[in-house]
Structures are given as structure tokens and as C-alpha cells.
Amino acid sequence: MTTALWPAPFLATPLDATVTIPASKSLTNRYLVLAAIADGESRLRAPLQSRDSDLMIGALRVMGASITEVPGSGEVPDLVVTPIPAGFTAPEGGLAVDCGLAGTVMRFVPPLASLVNGSVTFDGDPGALVRPMAPIVAGLQGLGVPVVGGENGFLPFTVQGSGQVAGGHVKIDAGSSSQFISALLLVAARFSDGLHLEHTGDSVPSLDHISMTVEILRSVGVVVDDSTPKHWIVAPGTVAAFDVVLEQDLSNAGPFLAAALATRGTVRIPNWPTNTTQVGDKWREILPQFGASVSLEAGTLIVTGGEEIRGVDLADTSELAPSVAALCALASTPSRLSGIAHLRGHETDRLAALVAEINALGGDAEETEDGLIINPAPLHAGVFHSYHDHRMATAGAIIGLAVSGVEVENIATTSKTMPNFPAMWATMVSQTAGA
Ligand SMILES: O=C(O)C1=C[C@@H](OP(=O)(O)O)[C@@H](O)[C@H](O)C1
Ligand SMILES: C=C(OP(=O)(O)O)C(=O)O
């Protein structure tokens, strides 16, 4: 385990800060995939620059897409993407894609590889080799695409594309990640007969992320029928080239908004989108349940913490769960988080990691079959391990604002989606009331 320790800033006075957040990982990596199969050159304005987006760019370049940085209107360069050329053929010996620990790369890119002529091998970080992959392997094989390796349901494996996929009706169990559904839908318009994808399990987690996929597909001219629960039908057709401005990452806004509650202060985030497919928009419903006041004024989200943080009872908080759990650990009444069993297959087993780290600081957290129970307990100084998980690291930072002497191990792991997190956090903390 990495041992570098980051002394989390502690604040005894209420925060009064304005913060801007880098672009959304989920939007950036979806648009990158679509740009690689579009009918012309596309442009992503103000995209995310982070490890996960770099891994996606690397994967698409390996498969023949050309991606160039050009000056944008802000600090971050825009990306101009020329799609994978028709008939692109892998060299003898095949191609290799490094997925790192990025779920969007390891799930979204293998279906794309089925459209390439030749072999593409997928591998990743040690932590990636235990994340569920079986539904992607089953889905591709169900479409007649050979996959070598991956029999045990994990990376590494090799997709042997022939440059063409017939498509048709495929059934998978996406109970362990919504990304399996999004992955197949994203490229399905390029299958000769399109795709009828059916989920065979009870429920799919993170449904908001599937809605995001469907909305984006429609915005680039792809016809998707999602009117029957657990079924998605994509018509064959072209993906129209696009020019899009990326929204900031509302899930990554979470730790900064939580900071308002942890310090009983105020945090403002300008340019909060009025219409968005991001699950992070749910902070507007979630934070009042913790006792915060939340308002959207002239496009700026303003969150002010209450006198105390109240416990919550929340279902399916998806990727927001680690930040939510950090607030629960600071709450004065019990909390229950449910519908998040699939977090055991995220960057780490997040349920086990949250329980271990909250309890190591004196907290009272326990796992349930599908979530967490977190009871009030006085927390003390100590080390908060991050398990190579960006959201564990930011959960430690939230707790550290309210509990003096917390040190977060490997804060650099936040570079997965937010490379400047330590500097952004320090800048936020320096904006205290009256400063
Ligand atoms: O499609 C996406 O961009 C994502 C889907 C969700 O995955 P799960 O369904 O595995 O939770 C989410 O947690 C992840 O951070 C991003
Ligand atoms: C689950 C997450 O990431 P990934 O895209 O790697 O699945 C996450 O960011 O919370």
C-alpha cells in the first residue's frame, strides 16, 4: 500500500468559498468513444484532463482514432477527434489497450474493438483485474465476436474483431455495473442490424448513467428505444459528428459541497447546469436531507451547512456514496445507505473500505447485504487509507475538515478524475469567512 500521507486540512471556522470543478469523466469518455465512430471530425470543448480521460484517449489512438489538442477558450485545451478509419486493421500480433483502473475504458472500449479488424488485448492495474467483466465477455460472444481469455470473468482478455458485427438480440446480466449496458449501447448503431439488449437480472444499478448514455446517443442522431424496462433497442445508423462543451463533473462537486456541511459554512459552485444527465445533480436533493440549505441562484449552486449534520436514509447513491458516507460519519444521528451492493466492484470494495477507514478513526460503521449502516461516534485523528480509489481519498478529505489530525494516504490517486484535487482543496480552504 502506498505510504505517502497527506495531512488533510482541518477548519475550525465556517468555510465561505467559491469553487469550479473540472469536466465530467462520464461525459468526456462517452463523447470520446462516440467521436471515434462518428461520421466526421468532432470537437470536445473544455474536456476532462485526468488519468481516466488520458487512458480513454490512449485506447482510441491505439485503435486508429486521431485525437489532437487545440487551444480552447479556458485553461484546458479542446480535443479534435478524427474517427477510426473505415477498415482499420490491427497489425500482426495485435494491439494492446491499458485500461488502468478506469471502468469506462475497460467496459466501453472492448465493444468498440469488435469493429476493428484484428486482435485487441485489454489489461489494467492490479485493481482492475478484480473488477467484474463477465457481462461484456458474454455480450460480445453472444454477438458472435470471439474473446480469448476472460473465462473467469476478469481482465486480461483479447477481442478478435473482424471489422463487422451483425448485431441482433443479446441478453446479459448487468447487475454488477450499469457500464455493461452503456458499453454495448454506445457502439450498437454501428452493428449491421443494430442491437436489442436485454438485462436478465433483477435490477441494474446506476440507472442515471444509462439514461445519460441514451440521451447522448439521441443527441448524435442514434435512434434508441428504452420504453420497455430492461430492454434497449438501438437502430443501425450513423453517429453524427458533433461539437460539444463539456459540463463540470457534478459527482466530483460532491466533496466540495460536503465541505460546506463539514464546516457549517457555505460553498458556491457557478455554472451549475440547468438541464443535465449527471447523477451529481442529485446533490440538490441529498444535501438538504443532511440539514443543509441548497439553492440555485442565477446558475450558481449555493450550499450552506446546518448547525448539525443529520443522519440520512438513502437508496442507490451510486458513485456519490463515498462522499455521502463521509458525511454520515460526521452526522449526529444514524444513517442507512442501501442499494449499493455493486460498490464492492468499484475501484476497490468501497463498502469494506469505508467501514474499515471510518472505524479506524473511532467511527461506528457496518456493512449490510446491500449497503452501510453508520452510527454517530466521536472521530479522532488517524490515517485514512485510499485503496487507489479517488473517491475514498476525497471522503478522507471531507472527514479531515471536521476532525483534526486526519492524514489521507495516497491523495495523488485523485488524479483518476481530478488531478489538481489537493491544490483545489487548499484553495477552497484558504477562502474562509472574512478572509
Ligand atoms: O457509465 C459511467 O460513466 C459510470 C457508471 C457508474 O458505474 P456503475 O454502474 O458500475 O456504478 C458509475 O459508478 C461510474 O463512476 C461511472
Ligand atoms: C466507479 C467509478 O469509476 P469507474 O468509471 O472506474 O467505474 C467512480 O468514479 O466512482
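How do the residues of the shell around ligand 1 divide into nonpolar, polar and charged? Colleagues, the division is 1 nonpolar, 11 polar and 1 charged. In this count Ala, Val, Leu, Ile, Met, Phe, Trp, Tyr, Cys and Pro are nonpolar, Asp, Glu, Lys and Arg are charged, and the others, Gly among them, are polar.

The model is a predicted one, in which local features need pLDDT of at least 70 and side-chain atom pairs count only at pLDDT 80 or more, while totals for chains, interfaces and linings use all residues. Residues are numbered from 1 along each chain as its sequence is written, and chains are lettered from A and ligands numbered from 1 in the order in which they are written.

Let me begin with the overall chain. Its secondary structure comes to 12 helices and 23 strands; these are DSSP runs numbered from the N terminus, helices being H or I with at least four residues and strands E with at least two. A compact globule of 435 residues would have a radius of gyration near 22 Å, and the chain agrees with this at 21 Å. That radius is taken over C-alpha atoms, and the globule rule is 2.2 Å times the number of residues to the power 0.38.

I return to ligand 1. Of the 13 residues around it, Ser26, Ser177, Ser178, Ser206 and Glu319 come nearest; a residue is near if its C-beta atom, placed from the backbone, lies within 6 Å. Helix H3 (103–113) and helix H5 (179–188) are the elements that give two or more residues to this shell. Domain 1 (5–22 + 249–430) and domain 2 (25–245) each supply at least three of its residues, the domain bounds coming from an automatic or database domain assignment.

Around ligand 2 stand Ala102, Gly103, Thr104, Glu319, His346, Glu347 and Arg391. By class, this shell has 1 nonpolar, 3 polar and 3 charged residues. Ligand 2 lies between domain 1 and domain 2, because both give residues to its shell.

Finally, I turn to one sheet. Its 3 strands form an open sheet in the order E1-E23-E22, with mixed pairing; two strands pair if DSSP finds at least two bridges between them. The edge strands, each pairing on one side only, are E1 (5–7) and E22 (382–384). E22 pairs with E23 (residues 406–409) in the parallel sense over 3 bridges, and Gly382 stands opposite Val406 in E23.
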